[in-house]
Amino acid sequence: VQLQAFGGGLVQAGGSLRLSCSASGRMLSINVMGWYRQAPGKQRELVATIPSRGYTNYADSVKGRFTISRDNAKNTVYLQMNSLKPEDTAVYYCNANIYINGPIGVDYWGKGTQVTVSS
């Protein structure tokens, strides 16, 4: 299984970016999908998660500005980022908990995509 993320880049403060991440390979289904980020000198932190069914979860710092969604038919998760701030600058990683061949999910990570917000 592989996760491949797209959509990072350089944007001015107040701008928008949309990240996408697709899972490929042999799998039964995908449980939770999410986005995390890591800024220089800081630990990786949760940005948002979305289960196969149910409620989304957001970090307080992005509530009202970011929206996570997914297309189960395409095994893809999206992150729409609006009103971006310089403090959103980080490498963004997608994560998926995937059922490969049984009832226990396995965590997979994408390689990360750089988001840089200039002031």
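I looked up the link of C21 and C94 first: it is right-handed, with 45° about the S-S bond. The model is predicted, so I noted its limits: local features need pLDDT of at least 70, side-chain atom pairs count only at pLDDT 80 or more, and totals for chains, interfaces and linings use all residues. Residues are numbered from 1 along each chain as its sequence is written, and side-chain values use heavy atoms, without hydrogens and water.

**Disulfide**

I searched the whole structure and found one disulfide (a pair of cysteine sulfur atoms within 2.5 Å). C21 and C94 are joined at an S to S distance of 2.0 Å. C21 sits in strand β3 (residues 17-24) and C94 in strand β9 (residues 90-99), so the pair ties together parts 73 residues apart in sequence. Strands here are DSSP runs of E, at least two residues, numbered from the N terminus. I checked burial next: both C21 and C94 are buried, meaning under 20% relative accessible area with a 1.4 Å probe, protein chains only.

**Largest pocket**

I then turned to the largest pocket, with a volume of about 180 Å³. A pocket is an open set of points on a 1 Å grid over the protein atoms alone, where a 1.4 Å probe fits, with protein on both sides within 12 Å along at least five of seven lines; lining residues have an atom within 4 Å of a point. I listed the lining as V1, Q2, L3, Q4, A5, S22, S24, W109, G110, K111 and G112. β1 (2-6) and β3 are the elements that give two or more residues to it. β1 gives the most, with four residues.

Technical notes
Buried means under 20% relative accessible area, exposed over 50%, partly exposed in between (1.4 Å probe, protein chains only). Grid points are joined across faces, edges and corners, and a volume is the space filled by probe spheres set on the points.
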